[in-house]
Each structure stands twice: as structure tokens, then as C-alpha cells.
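The structure is shown first, and the description follows.

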Amino acid sequence: MDLRVRGDDVLSAMPTFEQPWPYLVIFVFFVRGFVICRSYNFTMNDIGSDKNQLDTPALWVDLETLERNIAALAAHFAGAGVGWRPHIKGIKTPAIVHKLLAAGAIGITCAKVSEAEVMAAAGVRDILIANQIVTPHKIARLVNLCRQAEVKVLVDDAANASAIGAAAHAIGVTAGVLVEVNTGMDRSGVLPGAATLALAQHIAQTPGLHFAGLQTWEGHNLAHSDPAAKQSGIEQSIGQLLASADLCRANGLPVRIVSAGGSGTYAVTPFIKGVTEIEAGGAIFCDLMYQSWGVALQPALFVRATVTSRPTPNRIILDCGFKTLTRGFLSPQLVGVADVQSVVLSAEHGIVTLSKPNTALRIGDGVDLVPGYGDATVFAHDVMYGVRNGRVEAAWPVLGRGKIQ
Ligand SMILES: Cc1ncc(COP(=O)(O)O)c(C=O)c1O
């Protein structure tokens, strides 16, 4: 028997259409796929090149600094005897999340179900969604994700807990649930004490749920500029959390997880006995916001930009506006440029005003900026470049980008 396939056979096996539009649809899909593949390849083609040759604006991390920051934070939390569950809402890049896990992180914290889905698909096994998941559609996604990873979620409402439990029970999974406790942030969460106990008891009695513990984010204490006031504010908040955990235990509920803390409280919260996990994440980039919150590490996240105009000797225009760096937080800082009076961001322009005239930077020159707030910068980018010794080592898709559901 002749098993060879002839061209005529292939052609005759292909469907034929009487109307021209199916051919048009196939053609459009082919062109779209080709364009997507080409653009991704261009990004990959940057690997090995000089960082300063990247087309701009480009988001990049200095890998040596990033790895040093991650190692320092891992050692800090290990030294305090707490688990590290970094919040990845501002990191969004699975390649970096795997660096965190390799350094000893016990799992991750996410803000959204869609972020958690991305991370589970990237192989992350232990995920806390530090948010309330309330719509039926998202609850369905949440309980289905429980098959892919060990997923835990925050609740602050008994009816919401029942809805998650019913959905989980219906498909034969158990969702981990922590009670979110409002310890002064006045965002979401139930009050400490009796209200926390009542919700914990409800969760423990609901089929499809596993009561995993308590959580708070004592972020309101970042507003204290005085370190002593900040420390005492944090201790007060965490004290309420721990007292609520003790109340649950006294009523026969095991509280395995007591989760709190962020980059802005990383110097205090891990050392309060009774906290089991710390959610600090953004500190790994140590941008200007984290520096202002007392993170004692080196900046690792940058945006490369190009000078597009020099209207006056006192003004430099860059190709990065608030769609690249986001407005509303601290202004970004130019690296190695003296006498910068201000950096103002309009949509697509960075407007740098110098306090002294200087024409050294010319049109076409590149500059690096430290973002004001990485959390509000990374989410605007498709790609994060990993740079070592000035050379591009990696081009990572920011897979958590746009994951706001
Ligand atoms: C629930 C929760 N945990 C922790 C943090 C701290 O995150 P990071 O360390 O990235 O600032 C935040 C910040 O908004 C948060 O919302």
C-alpha cells in the first residue's frame, strides 16, 4: 500500500467555500497570527543586546539588584521566623514570581482571580487571593481554580462565604478561606473580636470551605512619618488580629494562618510573635514609594526612555508619559541627570525641568528613570526586560497585565 500523501490528496481534502468571505476570515486570522508572532520575536531578538539599544519606552529590571533584594528579603523573613507570601499585584510576571519561590517564598498573594489564574497556569501551587470574590461568575472561576492549585480567599461576609462554599461543594472541591479583619485600614474586613469569631464559626460549619485563618493589611500605618508612631500603630493593628486569633482558638477553631504585613511594614510586622505570614511584595523593586516607606534596599526597576525634544536648555522632553509611568504617585527620578527641578507626566510626554540650563542631553539620547511606584508602572507594560551587566538577558511577558477581573 502506498502511504505517501500527494499534494492533490491534500487539496481535495480541504474544505471549499462558495462565498469569498470564509477565505477572507482565514486570511485575516493568518495575518493577525503572523503579526503577533513577529512582534514577540522582535522582543526576543533584543536578548543579548546592550540595554541602551532597547527601543523605548522600555521597562527593565536590573537582575543583580533584584536577586540581591529578593535574597535579602527572604533572609529577613526567615530570620524573623515567618513565612513569606509576597503580594504579586505589582510584579505580575511569573518569571519573577518563580525567583521569589526559589528564594523560599511559601506561596504568593494575588489581588484578583484572573491574576491567580495566570500564576496557577505558570505553576504556582499556593495562592492567597487577598480580596473578596462575590459575583457568581468569579466564584465559579475561583472554585475551579481550586483544582489547579491550593487557593485561599478572603471573606468578610457570611452570605459570600456560603455562596463560595455552595459552589465549591457542588464541584467537589474545598476552598480555603481566611476572615479579613479590619484593624484600622477601614477598607474591607470585619471588626476584630466577636464579629471575626462569628464569621470564622460560620466558615468552619460551611460544607465546601476550610477555615484557614485570619488576615489583615495594616497599611493605614504607612501614613505615619514618625517611626515610633508607625511602630505603635502597627503593633496596635496586629494586636487586634492576634487577639481575634486567640478568641477563635479559645472557641475551638484552629487558626493555622495569621497573615499580615506589606513592604511598608516589613521592619515591624514580621517580628510580632503570632504572625505566621507576611505579604510584602513590591519591596523587591524598591522604587521611590517603597524607599519613602522605609524599604532599605536598592532600586531594581527602571524605565528606559528617549529624549524626543529639547525646546529650551532648561527643558527635556522624554517619550514616557503617564501611560508609561502613571501619574498620581511620586514623580519618577532620572538616573545620572543633575539639577532636575521637576518631572511632570502628560499622557505620552515626560516633561523634565532643569534648575540650571544644560544642553548635554540631546534629541535621541537615552535615559533611565526610577518609577515613582512600580505597582502603577509594571501593569502598563507588555514586556519586562531582565538586564545583567548592561546586557539584556531575558524578555519576560508581563502575563498578569490587564488581569483586573
Ligand atoms: C492585602 C494587601 N497585602 C499586602 C499589601 C502590601 O503589598 P506590597 O508589599 O506589594 O506593597 C497590600 C498593598 O496594597 C495589600 O493590599
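Predicted model: local features only at pLDDT ≥ 70, side-chain atom pairs only at ≥ 80, totals over all residues.

| Helix pair | Angle between axes | Axis separation | Source |
|---|---|---|---|
| α5 (residues 113-121) and α6 (residues 136-145) | about 25° | 10 Å | |
| α6 and α7 (residues 158-170) | roughly 50° | within 9 Å | |

For helix α5 and helix α6, the angle of about 25° between the packed helices makes α5 roughly parallel to α6, because angles under 35 degrees are counted in that way. The crossing in which α5 passes α6 is left-handed. On the side of α5 the contact is made by Val113, Ala116, Glu117 and Ala120, and on the side of α6 by Lys138, Arg141, Leu142 and Leu145. Sorted by class, this contact of α5 with α6 consists of five nonpolar and three charged residues, with no polar ones.

Helix α6 also packs against helix α7, and here the axes cross at roughly 50°, so that α6 is oblique to α7. This crossing of α6 and α7 is right-handed. The residues that make the contact are Ile139, Ala140, Leu142 and Val143 of α6, together with Ala163, Ile164, Ala167 and Ala168 of α7. The contact of α6 with α7 has eight nonpolar residues, and neither polar nor charged residues take part in it.

At the level of the whole chain, the domain assignment gives domain 1, made of the segments 53-60 and 297-397, and domain 2, which covers 63-292. The centres of domain 1 and domain 2, taken over C-alpha atoms, are separated by 33 Å. Where the domains meet, 23 residues of domain 1 are in contact with 21 residues of domain 2. On the side of domain 1 that touches domain 2, the elements that give two or more residues are α12 (375-378), β16 (383-388) and β17 (391-397), and of these β16 gives the most, with four residues. By class, that side of domain 1 has 15 nonpolar, five polar and three charged residues.

Which features of the backbone deserve a separate look? In general, most residues other than glycine have a negative phi, and most peptide bonds are trans. Thr56 and Pro57, however, are joined by a cis peptide bond, with omega at about -5°, and Pro57 lies in the loop that runs between α2 (21-45) and β1 (58-62). Thr326, which is not a glycine, has a positive phi of about 65°, and its place is in the loop between α11 (322-325) and β12 (333-334).

Terms used:
Residues numbered from 1 in each chain as written. Axes fitted to C-alpha atoms, helices over the stretch in contact; angles between N-to-C directions. Parallel < 35°, antiparallel > 145°, perpendicular 65-115°, else oblique. Left-handed = near helix turned anticlockwise from the far one by under 90°. Contact = placed C-beta atoms within 7 Å. Nonpolar A, V, L, I, M, F, W, Y, C, P; charged D, E, K, R; others polar. Domains from an automatic or database assignment.
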